[in-house]
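How can the packing of helices in a model be read from axes and contacts? Two packed helices are described by the angle between their axes and the distance between the axes. The paragraphs after the structure take the helix pairs in turn.

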Amino acid sequence: MALEHFDSVVMLYTFLGIVAIIMSVSGLYSLVSLNLQKRTKELGLRKLLGASLGHIVVQSGKLFLIIMFISFIIGSLLGTIMVNALMDSVWEYYEAVDVTVISLAVIILLGIAVATIGFKIRRVATANPVESLRYE
């Protein structure tokens, strides 16, 4: 009976988590789009000079994956500290956040980030290089 009011808290945190993920994906997509738009001429020249699709994808996505890796490390550490502090302030006895929970969250976020970055990079990498060079 004492735990009934926690269902609404779980629903609230789930909703806030979904909103945060949607906002993060839209921000990441915009950041990737702007960066690739600035590099349109460079990517077109690379394709014309014979660069493979894999090379273009690696060169375009390397910076974003490095940033995501750093953010996963910092976010995991700070998230663990903050969740444990919150649980400690509410309950005297609780089970601390486990490595498996953090690993699952990182894997889910990595999948979302790779899908978002990969979608935009694939679109730019498979575009006709002549079109990108014509208007520059």
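In this predicted model, helix α1 passes helix α4 in a right-handed crossing. Helix α1 covers residues 6-38 and helix α4 covers residues 99-125. Their axes come within 10 Å and cross at roughly 30°. Because an angle under 35 degrees counts as roughly parallel, α1 is roughly parallel to α4.

On the α1 side, the contact with α4 is formed by Ile21, Val25, Leu28, Tyr29, Val32, Ser33 and Leu36. Their partners in α4 are Leu109, Ile112, Ala113, Thr116, Ile117, Phe119, Lys120, Ile121, Arg123 and Val124. By class, the residues of this α1 and α4 contact are 13 nonpolar, two polar and two charged.

The length of α1 can be checked against its residue count. With 33 residues at 1.5 Å a residue, α1 should span 48 Å, and its end C-alpha atoms are 48 Å apart, so the two values agree. Within α1, the buried residues are Leu28, Val32, Ser33, Asn35 and Leu36. The buried residues of α1 pack against α2 (40-48), α3 (53-90) and α4.

The loop between α1 and α2 holds Arg39. Is Arg39 buried or exposed? Its relative accessible area is 17%, and because buried means under 20%, Arg39 is buried. Leaving aside neighbours within four places in sequence, Arg39 is in contact with Gln59 and Ser60.

Gln59 and Ser60 also take part in the contact of α2 with α3. The axes of α2 and α3 come within 10 Å and cross at roughly 155°. The two helices are therefore roughly antiparallel to each other, and α2 passes α3 in a right-handed crossing. The contact is made by Leu43, Arg46 and Lys47 from α2, and by His55, Ile56, Gln59 and Ser60 from α3. Its residues divide into two nonpolar, three polar and two charged.

Helix α3 also packs with α4. The axes of α3 and α4 come within 10 Å and cross at roughly 155°, which makes α3 roughly antiparallel to α4. The crossing of α3 and α4 is right-handed. From α3, the residues in contact are Leu53, Ile56, Val57, Ser60, Gly61, Phe64, Leu65, Met68, Phe72, Ser76 and Thr80. They meet Ile102, Val106, Leu109, Leu110, Ala113, Val114, Ile117, Ile121 and Ala125 in α4. This contact of α3 with α4 has 16 nonpolar, four polar and no charged residues.

Which residues does Ile102 touch, not counting residues up to four places away in sequence? They are Ser76, Thr80 and Val97. Ile102 has a relative accessible area of 22% and is partly exposed. The C-alpha atoms of Ile102 and Leu34 are separated by 31 Å, with the two residues 68 residues apart along the chain.

Conventions:
Residues are numbered from 1 along each chain as its sequence is written. This is a predicted model: local features need pLDDT of at least 70, side-chain atom pairs count only at pLDDT 80 or more; totals for chains, interfaces and linings use all residues. Side-chain values use heavy atoms; hydrogens and water are left out. Axes are lines fitted to C-alpha atoms, for helices over the stretch in contact, and angles run from 0 to 180 degrees between N-to-C directions. Helices (H or I, at least four residues) and strands (E, at least two) are DSSP runs, numbered from the N terminus. Angles under 35 degrees count as roughly parallel, over 145 as roughly antiparallel, 65 to 115 as roughly perpendicular and the rest as oblique. A crossing is left-handed if the near helix is turned anticlockwise from the far one by less than a right angle, and right-handed if clockwise. Contact means heavy atoms within 4.5 Å. Ala, Val, Leu, Ile, Met, Phe, Trp, Tyr, Cys and Pro count as nonpolar, Asp, Glu, Lys and Arg as charged, and the others, Gly among them, as polar. Buried means under 20% relative accessible area, exposed over 50%, partly exposed in between (1.4 Å probe, protein chains only). The expected span of a helix is 1.5 Å times one less than its number of residues.
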